[in-house]
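Please look over the sequence and the model shown here before reading on. The report after it is meant for a reader who is new to this structure.

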Amino acid sequence: MDSKCISFHLHPHLSPYPAISQNPKFSRLVPTPLFSTGTTTEIKTTHNQIYHSFPKRCVMLTPMASSGQPGVGTKFDEFEPDPTLTNDDLKPTTPSQRNLHWWEMASLWIGLVVGVPTYYLAGSLVDLGMAWWQGIATVVTANIILLVPLVLTGHPGTKYGISFPVLVRSSFGIRGAHVPTLLRALIGCGWYGIESWIGGEAIFLLLPKSIKESSFSQLLPWLGTSPLEFACFIAFWVAQLATVWKGMKGIRDLEKYSAPILIILTSILLIWAYVKAGGLGHMLSLSSRLSSSEFWSLFFPSLTANISFWATLALNIPDFTRYAKCQTDQIIGQAGLPIFMGAFTFVGLAVTSSTKVIFGHLISNPIQLLGQIGGFTTIILAIFGISLATITTNIAANVVAPANALVNLSPSKFTFRRGALLTALLGIAFQPWRLLKSSESFVYTWLVGYSALMGPIGGIVLADYYLIRQMNLSIKDLYSLSPYGAYYYSGGFNLAALAALIIGILPVIPGFLQQFLLSRSTILDFVKFERETE
């Protein structure tokens, strides 16, 4: 016991069992047999012995002591966790692993923000009639609102060092946690395949014309695409896998070192547009074409759409904040999101509007724009920049959650690497080239609509953590299958949380199904046409 206290830095102000000893309200949620007088006394005595024996050493060796961080390592190693609920990837992070500074957290968001989808955001709103500043303001406002669930959900990750799958065990139950994590994983797998195909397409579009017109670019009916396009997809797929194979450290390093490169490349593109167009006059002249009532009828749906842009990542943000040094680092690091989104959408809007002056027509697709600019150096930088931007977004947003969900499903069989590899393989199995070429509206209606269903999960997790648990979790019970555990509920499922999830989803199902059925008819027409032409 002595060595554990010294090595893992028990915080002197926290009980090893905070949910039991510090939260009298919570004790009513746990079956009575766990709280026999003898058991409770033994726990308190053991804790007092640890505290009085080594008060100074524990405080001195705990880097989180001043910021209120608990001694997670000590609490975890004081008991024997159930082997079916843990492995090295699911254990709480130790103090030595919590070295993510605020600027590294900000770098994560820069890597996520800089990409082709974000480039379009404000421009699409201007196309609908907004003024340039109204489009950017809508994007920034949405991300300021999104900061609230991001920071709130990130708190338990930093405080307890636990990932999203472990956190939801407290609200959905030890076994019920598989429901929200696998739902989130399915979204990630779908988007991973699509983003990987888009990255491969970017490489294909920027290849020399002579290569694109070769026999390798001819469509193979059985494959559904050309060998050249598929080769570009696989090349991009392998490039991502090389980073993922290094685990969370590799992902963190990628985001940290990519951020300044992406900022430089984005700045070069903006400067080029400014010089070639003779300023930003054309963009600044884009005034609103909407009346007051028309603007507000467009504003709120647009605001909701922009909030949902990062909504799924707001759900599993503990997967990243568990490595933050303290709450201040995770909060300040994430506070830059509205700034980054506003800045990059400004670049997208400024460059797109400048193409009207430079080329005589608008070019909203950055990949097509870079191809139009031409030149060997431009092409090389374009392939590098777009690939880097897509990889940094795709890995952080679409690999980490599915990988951790699979680890949580079977800790004995899956590690983070294996989970990430299966996610990547599923990305190929989904054949995103067929989905995108058959009906983009089907893919985006399905995946974006499906993502919107994740809102109730976030609400349940936050309500449980802040209102019911009052931010006090028992690490011991998060890794226990004991029927007397705090999060075992009914056979490992919290029926109240599952019922709340169903109730939360019901209101959005009618509109979602309507759009789904409309898109499905497009798919059926396409399949019918393909069969007739075979």
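## Basis of the report

This is a predicted model, in which local features need pLDDT of at least 70 and side-chain atom pairs count only at pLDDT 80 or more, while totals for chains, interfaces and linings use all residues. Residues are numbered from 1 along each chain as its sequence is written, and side-chain values use heavy atoms, with hydrogens and water left out.

## The chain as a whole

The chain has 30 helices and zero strands, where helices (H or I, at least four residues) and strands (E, at least two) are DSSP runs numbered from the N terminus. Of its 534 residues, 52% count as buried, a term that means under 20% relative accessible area, with exposed meaning over 50% and partly exposed lying in between (1.4 Å probe, protein chains only).

Contact means heavy atoms within 4.5 Å. Among the contacts in the chain with a separation of 6 or more, 85% come from residues 24 or more positions apart.

## Helices H7 and H22

Two packed helices are described by the angle between their axes and the distance between the axes. Here axes are lines fitted to C-alpha atoms, for helices over the stretch in contact, and angles run from 0 to 180 degrees between N-to-C directions. Helix H7 (residues 102-113) packs against helix H22 (residues 376-398) at an angle of about 115 degrees, and their axes are 7 Å apart. That angle makes H7 roughly perpendicular to H22, since angles under 35 degrees count as roughly parallel, over 145 as roughly antiparallel, 65 to 115 as roughly perpendicular and the rest as oblique.

The crossing of H7 and H22 is left-handed, which is the term used if the near helix is turned anticlockwise from the far one by less than a right angle, and right-handed if clockwise. On the H7 side the contact is made by Leu108, Gly111 and Leu112, and on the H22 side by Ala389, Thr392, Thr393, Ala396 and Ala397. These residues divide into five nonpolar, three polar and no charged, where Ala, Val, Leu, Ile, Met, Phe, Trp, Tyr, Cys and Pro count as nonpolar, Asp, Glu, Lys and Arg as charged, and the others, Gly among them, as polar.

## Helices H23 and H24

Helix H23 (residues 400-409) and helix H24 (residues 416-429) pack with their axes 8 Å apart and at an angle of about 120 degrees, and they are therefore oblique to each other. H23 passes H24 in a right-handed crossing.

In this pair, Val400, Pro402, Ala403, Asn404, Leu406 and Val407 of H23 meet Phe416, Gly419, Ala420, Leu422 and Thr423 of H24. The residues of this contact comprise eight nonpolar, three polar and no charged.

Thr153 is found in helix H9 (residues 132-160), and at 7% relative accessibility Thr153 counts as buried. Its side chain reaches the backbone oxygen of Pro149 at 2.7 Å. Not counting residues up to four places away in sequence, Thr153 touches Leu167, Ala314, Leu315, Ile317, Pro318 and Leu462.

Gly200, in helix H11 (residues 178-205), counts as buried at 1% relative accessibility. Gly200 and Ala235 are 35 residues apart in sequence, and their C-alpha atoms are 7.3 Å apart in space. Pro227, in helix H13 (residues 227-244), counts as partly exposed at 29% relative accessibility. Leaving aside neighbours within four places in sequence, Pro227 is in contact with Phe216, Gln218 and Leu220.

Notes: A polar contact is a pair of N or O atoms within 3.5 Å; within protein, one must be able to donate a hydrogen and the other to accept it, and residues adjacent in sequence count only if both atoms are side-chain atoms.
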